[in-house]
Structure formats: structure tokens, C-alpha cells
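Welcome! Here is a short tour of a structure that may be new to you. Take a look at it first, and then read on.

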Amino acid sequence: MKCCNNIEFLGCFDSCKEQIETKLEADESGIWTIEIDFMGISQKQTMTIDETELPKKINIANNFNEDYEYIMRIYKPEGTLFNNTCYSFKIYKAVCN
């Protein structure tokens with residue numbers, strides 16, 4: 001896992017939801033990379049944002065295990081860390097219909 005000097009907790013999210021709604025907003029068009037660490041393994045997701053969509057909420061696909069706190073880094077299209085911050089979140093077990 002890469003080091004983060006600043007980690008902001010985004011909250012706990014329901015395991016039944018298809019998307020994690022982070023409430024963070026992308027402020028540039030291009031290809032954004034989201035890197036999420038789980039037990040020493042990094043998973044990457046990308047999202048392409050068109051200029052007409054700005055600002056756009058940064059939501060990620062929820063394919064995570066329950067009862068674990070994840071560390072996430074979001075990279076802007078030019079490769080810099082979004083807000084110079086890493087984020088954490090936890091998935092909690094829910095009864096899905």
C-alpha cells in the first residue's frame with residue numbers, strides 16, 4: 001500500500017448497494033483512476049469524465065467484502081492525487097432483497 005499523509009473517512013456503506021456514493025466531485029475532464037487497497041492488494045477502477053458533465057460525483061462500483069475498512073486514492077487525469085488526500089470507507093453487512 002502506498003503511504004498517505006492525510007486520510008479522510010467517507011463513512012460506512014451498505015453491502016447491497018451497487019454504487020458507493022462518495023459525495024466527492026470531479027473537477028476536471030479526462031480519465032480518472034481510483035485505486036483501492038484491500039489486504040495489501042490494489043484494485044483499480046477508471047472513470048471517463050466529459051467536460052459537459054462537470055462537476056461530476058465520484059461514485060465507485062461496490063464489489064467489496066463486508067466488515068473491512070478500505071483505503072482509496074483518487075488520481076486526476078494528469079496523475080496527481082485528488083485533493084492531496086486519501087480516503088477510507090467501510091462496507092457493512094445488510095440484508096439484501
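A residue is called buried when its relative accessible area is under 20%, exposed when it is over 50%, and partly exposed in between, using a 1.4 Å probe and protein chains only. By that rule Asp37 is buried, because its relative accessible area is 4%.

Before going further, a word on the background. This is a predicted model, in which local features need pLDDT of at least 70 and side-chain atom pairs count only at pLDDT 80 or more, while totals for chains, interfaces and linings use all residues. Residues are numbered from 1 along each chain as its sequence is written, and side-chain values use heavy atoms, with hydrogens and water left out.

Let us stay with Asp37 and meet its partner. The side chain of Asp37 forms a salt bridge with that of Arg73, at 2.8 Å from N to O; a salt bridge here is a side-chain nitrogen of Lys or Arg within 4 Å of a carboxyl oxygen of Asp or Glu. This pair joins distant parts of the chain, with Asp37 in strand S3 and Arg73 in strand S6, 36 residues apart. Strands (E, at least two residues) are DSSP runs, numbered from the N terminus. Arg73 counts as buried because its relative accessibility is 2%. Asp37 and Arg73 also belong to a network of salt bridges that links them with Glu35 and Lys44.

How many salt bridges are there by this rule? The count comes to 7, and the table shows some of them.

| Pair | N to O distance |
|---|---|
| Asp37 and Arg73 | 2.8 Å |
| Glu53 and Lys56 | 3.3 Å |
| Lys76 and Asp27 | 3.5 Å |

The bridge between Lys76 and Asp27 also ties together distant parts of the chain: Lys76 lies in the loop between strand S6 (68-75) and strand S7 (81-92), and Asp27 in the loop between strand S2 (19-26) and strand S3 (30-38), 49 residues apart. Lys76 is buried, at 16% relative accessibility, whereas Asp27 is partly exposed at 45%. In the remaining pair of the table, Glu53 is partly exposed with a relative accessible area of 32%, and Lys56 is partly exposed with 28%.

Finally, visit Ile7, which is found in strand S1 (residues 7-14). Ile7 counts as partly exposed because its relative accessibility is 41%. Leaving aside neighbours within four places in sequence, Ile7 is in contact (heavy atoms within 4.5 Å) with Ile71, Cys86, Tyr87 and Ser88. The C-alpha atoms of Ile7 and Phe64, 57 residues apart along the chain, are separated by 19 Å.

Note on methods:
Helices (H or I, at least four residues) and strands (E, at least two) are DSSP runs, numbered from the N terminus.
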